[in-house]
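Thanks for making the time this morning. Let me put the sequence and the model up on the screen, and then I will walk you through them.

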Amino acid sequence: MKEKIFKKIKINGVTLKNRFVVSPMCQYSSSNGSPVSWHYKHLTSLGNSGAGLLMIEATAVEKRGKITHSDMCLENNTQYKKLKKLVKNIKKNSDIKIGLQISHSGRKGSTELPWIKPNSTLKKKSWKTISSSSIKRELDWPHPKEMNDNDIKNVKQKFINSTRLAKKLDIHCLELHMAHGYLLHQFFSPISNKRQDKYGGNLKNRCRFLLEVARLVRKNWPNNKILGARITGKDWIKNGINLEDSIYLSKELKIIGFDYVCVSSGGLISKTDFKPRPNFNFNLARSIRKNCKIKVRVGGMIDDINFAKKIINNNDVDLISNARKYIYEPNFILKELSKLNPKNKIVPNQYRRCYKI
Ligand SMILES: Cc1cc2nc3c(=O)[nH]c(=O)nc-3n(C[C@H](O)[C@H](O)[C@H](O)COP(=O)(O)O)c2cc1C
């Protein structure tokens with residue numbers, strides 16, 4: 001019998017051919033915010049991985065919201081046109097559905113390329129970052145500027161602008177990045193948000209900015225296409241975000257009309273209680289699905305395909321997100337499929353001999 005993980009799923013008006021999702025992966029290789037030849041190589045090969053949905057990397061809604069100078073950005077017409085050309089190219093040889101993650105780095109911006117010096121701020125050509133509060137991310141990082149009402153208004157406008165540009169890209173899914181210690185997460189977590197106004201204090205106030213952005217994005221994104229958010233299930237820090245907080249956020253996102261949440265965790269600061277282990281976000285994701293009745297994607301070292309099959313069969317989660325596995329084992333879905341169903345249509349004709357089908 002065909003495994004459920006290989007079965008179609010309809011989310012809003014879009015049908016994914018299976019439950020596998022290529023997680024967004026920043027390449028820090030863009031030129032003036034636009035994709036370069038590396039992105040063509042990277043994303044067109046992932047387009048042939050056999051997954052149902054390919055998420056394009058965290059793309060900044062404004063220049064100040066990049067992590068490094070070389071991040072992708074969707075703020076102007078040139079960036080839009082270059083990204084559209086890339087999307088068209090991925091589609092040429094693949095029927096994979098395509099999503100884009102939009103993001104603002106907040107205080108986690110103005111950093112070195114990770115392969116030059118990981119987790120380190122720029123010494124030259126740095127920029128002033130913004131955040132919920134003027135709290136440094138690490139001891140040796142600069143203080144970000146605490147966002148005032150005008151900054152909040154401007155950033156919301158940037159999210160609207162990127163959403164409108166994304167709408168013209170011919171993609172199927174848009175995802176708001178609310179995790180991994182970036183700006184929206186900085187508002188959500190009591191560790192980074194010490195504001196005294198309506199955007200700080202209790203959980204409802206700390207969610208306010210996230211939900212205001214979410215409502216605006218919902219309003220500007222087509223009703224029949226997929227809209228989701230990547231959220232943090234846990235900060236792995238004492239007095240930080242925990243499951244009850246992320247359940248509240250997910251319920252509110254569902255009310256606004258979001259189709260899914262992708263449950264991730266960590267990333268707010270570098271020293272936490274987090275210990276990497278297989279499937280580390282799974283329990284959080286399962287609880288969120290059970291409590292919020294929203295579709296849930298989960299990622300985080302779900303490298304054992306039998307485990308992935310089991311949690312999809314049990315209806316614990318709806319989608320499986322992998323990042324690194326697609327890099328070191330790019331054809332794992334095709335291999336698995338050709339074992340299970342030699343008549344599958346996912347292996348490209350040109351490669352069928354390689355799989356003895
Ligand atoms: C090279 C690389 C770039 C990443 N960039 C992003 C990103 O743009 N947005 C995001 O939400 N997560 C990003 N992540 C996190 C992954 O999407 C994923 O959640 C994480 O790697 C855990 O999944 P895995 O164990 O399957 O790799 C990145 C991870 C890697 C390895």
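Helices here are DSSP runs of H or I with at least four residues, strands are DSSP runs of E with at least two, and both are numbered from the N terminus. This is a predicted model, in which local features need pLDDT of at least 70 and side-chain atom pairs count only at pLDDT 80 or more, while totals for chains, interfaces and linings use all residues. Residues are numbered from 1 along each chain as its sequence is written.

I will start with the ligand. Its shell consists of 18 residues, the closest being S23, M25, A58, A323 and R324, where a residue is near a molecule if its C-beta atom, placed from the backbone, lies within 6 Å of it. At least two residues of that shell come from each of β4 (53-60) and α9 (324-328). By class, the shell has six nonpolar, eight polar and four charged residues; Ala, Val, Leu, Ile, Met, Phe, Trp, Tyr, Cys and Pro count as nonpolar, Asp, Glu, Lys and Arg as charged, and the others, Gly among them, as polar.

Next, the barrel. Eight strands form a closed barrel in the order β3-β4-β5-β8-β9-β10-β11-β12, with parallel pairing, and two strands pair if DSSP finds at least two bridges between them. From one strand to the next, the twist averages 25°.

Now to the helices. The axes of α6 (residues 243-256) and α7 (residues 282-292) come within 10 Å and cross at roughly 45°; axes are lines fitted to C-alpha atoms, for helices over the stretch in contact, and angles run from 0 to 180 degrees between N-to-C directions. That angle makes α6 oblique to α7, because angles under 35 degrees count as roughly parallel, over 145 as roughly antiparallel, 65 to 115 as roughly perpendicular and the rest as oblique. On the α6 side, the contact is made by L243, S246, I247, S250, K251 and K254, and on the α7 side by L284, S287, I288, N291 and C292, contact meaning that the C-beta atoms of two residues, placed from the backbone, lie within 7 Å. These residues divide into five nonpolar, four polar and two charged.

What does α7 lie across? Helix α7 lies across β10 (260-264) and β11 (295-299), and it runs at about 180° to β11.
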